[in-house]
Amino acid sequence: MAAVNGETSAMAGAEKRRGGSEDQTGRLVLGERSELSTVSWELSITSVHSSRFGDHVVIGRDEQGQLRRALVLLKKSPRDPVAGETWRVTGQVRPHPDYGPQLHADVSLPLVRKR
């Protein structure tokens, strides 16, 4: 964190953007990196929707029973997920205009249950 006027701030040095409010730090400008946090869910998969490119939208319930969506890319998955399995997905949650928040998985692995 940088210091501005003697105070430490996470947004110190961020440029003010023109138009609208004086303090527009919520939207990204082309070329900026997002500071989204990484989350990890253990999903009990209820359905899998495949794209024509081999990627999957996985829908399932997390540890608290919350219904979640995750985008699992073919190149970041050891195999295709199957409904009924439990997978660990880790990545960043991003909003989808039609379906709401989706985790874009950087890591996705099937879990093996202990007997």
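**Figure 1. Glu42 and its surroundings in a predicted model.** Glu42 touches Arg61, Asp62, Glu63, Thr86, Trp87, Arg88, Leu111 and Arg113, when residues up to four places away in sequence are not counted and contact means heavy atoms within 4.5 Å. This is a predicted model, in which local features need pLDDT of at least 70 and side-chain atom pairs count only at pLDDT 80 or more, while totals for chains, interfaces and linings use all residues. Residues are numbered from 1 along each chain as its sequence is written, and side-chain values use heavy atoms, with hydrogens and water left out. Glu42 lies in strand S3, which covers residues 38-50; helices (H or I, at least four residues) and strands (E, at least two) are DSSP runs, numbered from the N terminus.

**Figure 2. The salt bridge between Glu42 and Arg88**. The closest N and O atoms of this pair are 3.3 Å apart, where a salt bridge is a side-chain nitrogen of Lys or Arg within 4 Å of a carboxyl oxygen of Asp or Glu. Glu42 lies in strand S3 and Arg88 in strand S6, so the pair ties together parts that are 46 residues apart in sequence. Arg88 has a relative accessibility of 26% and counts as partly exposed, a class that falls between buried (under 20% relative accessible area) and exposed (over 50%), using a 1.4 Å probe and protein chains only. Glu42, Glu63 and Arg88 are linked in a network of salt bridges, and a search of the whole structure finds five salt bridges.

**Figure 3. Ser40 and its polar contacts with Arg88** **and Thr90**. Ser40 also lies in strand S3, and is partly exposed, with a relative accessible area of 34%. Its side chain makes a polar contact of 3.1 Å with the side chain of Arg88 and another of 2.9 Å with the side chain of Thr90. A polar contact is a pair of N or O atoms within 3.5 Å; within protein, one must be able to donate a hydrogen and the other to accept it, and residues adjacent in sequence count only if both atoms are side-chain atoms.

**Figure 4. The hairpin of strands S4 and S5**. Strand S4 (residues 56-61) pairs with strand S5 (residues 67-72) in the antiparallel sense over six bridges, and two strands are said to pair if DSSP finds at least two bridges between them. Five residues stand between S4 and S5, and Gly65 in the turn has a positive phi of about 85 degrees. Val57 has Leu71 in S5 as its bridge partner. Strand S5 is also joined by two bridges to strand S7 (residues 100-110), and these two run parallel, with Leu103 in S7 as the bridge partner of Ala70.

**Figure 5. The largest nonpolar core**. In soluble globular proteins, nonpolar side chains tend to be buried together. The largest core here has ten residues, namely Trp41, Leu43, Ile45, Val58, Ala70, Val72, Trp87, Val89, Leu103 and Ala105, where a nonpolar core is a set of buried Ala, Val, Leu, Ile, Met, Phe, Trp, Tyr and Cys residues joined through side-chain atoms within 4.5 Å. Strands S3, S5, S6 (86-96) and S7 each supply at least two residues of this core, and S3 gives the most, with three residues.
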